[in-house]
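Please find below a colleague's note on the structure shown here.

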Amino acid sequence: MLGLVRLFLRAGLMSETGRLERTVTGTPQGGIASPLLANIALSALDRQYEADWQEMSRYQGRRQYLQRTGHATYRLIRYADDLVLLVKGTRPQAQTLLDQLAARIQALGLSLKSEKTAITHIDEGFEFLGQRIVRRPKGPKRYVYTFVSNEALASIRRKVKALTGHSTTNLALSALIAALNPVLRGWANYYRHAAAKRTLAYLDYYTWWRVGRWLRKKHPQMSWKQINRRYLNDDYTWQEHGRALYKPGSLSVTRYRYRGARIPTPWTDPTAVPTGVHAQRAHLQEQLPLERVQQALT
């Protein structure tokens, strides 16, 4: 495994011009080794905060007791190298916990990125994994909403704009659609669990408009009426040779259903661990026989 990690780190990266460039330090952005190494390095941090959470939840009502007596309760949520520490307490308590987090990460030989680290209130919101999470009032109550972040929307706009620029007018419309559809479908499916209906409808319109402008550049001698007659189908979607442009606005938005630790993995033994017993499951996973691990890897 260490040999594979070394090969990943020394493999270099392919630039946009097709040249192979060396990687002197770190891992290339978007490389598959980066989240793998982050999960390995930060698993010790997960165990520390899981132990803290178990201590705060030692008996029913203990977290409420801690909050009534002026103590903060907290929990760490992490995905690869992105993490957020949720705190129920005062701002000074949040600052103390941030200092504790920095010290724990430093003990692992890592450090927090200062420009991406901040303390914020839930009513002000924060960004996590390309989504903006914020609490807003609705009638007499307040609810937590998840929106698509501005940077995530700007990123997909840049991709669509690059694919529909002057440099691609030599392609057939069907080839352009074949390049656009996976990008649009993947982005839309990732954000379909957020409050993103209007955002998806806007992306639908923006892509349609960009492809229309692209066709005008490709066929400068044709009028809009001729382009529409040639490339628009009955539901006003760009298409060619039976391949139609994907419409993100047609995707249904559904709220994410929290499953906690019940998500099945190759390491879970359903016959030996009762559902929901997280501590016993973690203990058994550490003692899996080598044959089981090899079978899961293959």
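**Notes on the predicted model**

1. R62 counts as buried, because its relative accessibility is 13%; buried means under 20% relative accessible area, exposed over 50%, and partly exposed in between (1.4 Å probe, protein chains only). R62 forms a salt bridge with E55, the closest N and O atoms being 3.4 Å apart. A salt bridge is defined here as a side-chain nitrogen of Lys or Arg within 4 Å of a carboxyl oxygen of Asp or Glu. E55, at 36% relative accessibility, is partly exposed.

2. On provenance, this is a predicted model, in which local features need pLDDT of at least 70 and side-chain atom pairs count only at pLDDT 80 or more, whereas totals for chains, interfaces and linings use all residues. Residues are numbered from 1 along each chain as its sequence is written, and side-chain values use heavy atoms, with hydrogens and water left out.

3. In overall terms, the protein has 10 helices and 9 strands. These elements are DSSP runs numbered from the N terminus (helices: H or I, at least four residues; strands: E, at least two). Of the 298 residues in the protein, 28% are buried. The protein exposes about 20,400 Å², of which carbon and sulfur atoms supply 54%; accessible areas come from the Shrake-Rupley method with a 1.4 Å probe, and for residues only the protein chains shown count as cover. Among contacts between residues at least 6 apart in sequence, 49% join residues at least 24 apart, contact meaning heavy atoms within 4.5 Å.

4. The structure holds 7 salt bridges. One of them joins the side chains of R78 and D46, at 2.6 Å from N to O. R78 lies in strand β3 (residues 73–79) and D46 in helix α2 (residues 33–56), so this pair ties together parts that are 32 residues apart in sequence. D46 is partly exposed, with 27% relative accessibility.

5. A further salt bridge is formed by the side chains of E151 and R158 (3.0 Å, N to O). Both partners are partly exposed: E151 has a relative accessible area of 46%, and R158 has 48%.

6. How do the axes of helix α5 and helix α6 cross? The axes of helix α5 (residues 150–163) and helix α6 (residues 173–190) come within 10 Å and cross at roughly 175 degrees. Helix α5 is therefore roughly antiparallel to α6, since angles over 145 degrees count as roughly antiparallel, under 35 as roughly parallel, 65 to 115 as roughly perpendicular and the rest as oblique. The contact involves A152, L153, I156, K159, V160 and L163 of α5, together with L176, A179, L180, V183, L184 and W187 of α6. Axes are lines fitted to C-alpha atoms, for helices over the stretch in contact, with angles from 0 to 180 degrees between N-to-C directions.

7. R157 also lies in helix α5 and is partly exposed, with a relative accessible area of 30%. Leaving aside neighbours within four places in sequence, R157 is in contact with Y202 and Y206. R157 and R210 are 53 residues apart in sequence, and their C-alpha atoms are 9.9 Å apart in space.

8. A nonpolar surface patch is formed by M1, L4, L7, F8 and I32, which together have about 570 Å² of accessible area. Patches are made of residues with over 30% relative accessible area and no salt bridge; like charges are joined within 9 Å, and nonpolar side chains (Val, Leu, Ile, Met, Phe, Trp, Tyr) within 5 Å. F8 lies in helix α1 (residues 2–10) and is partly exposed, at 37% relative accessibility.
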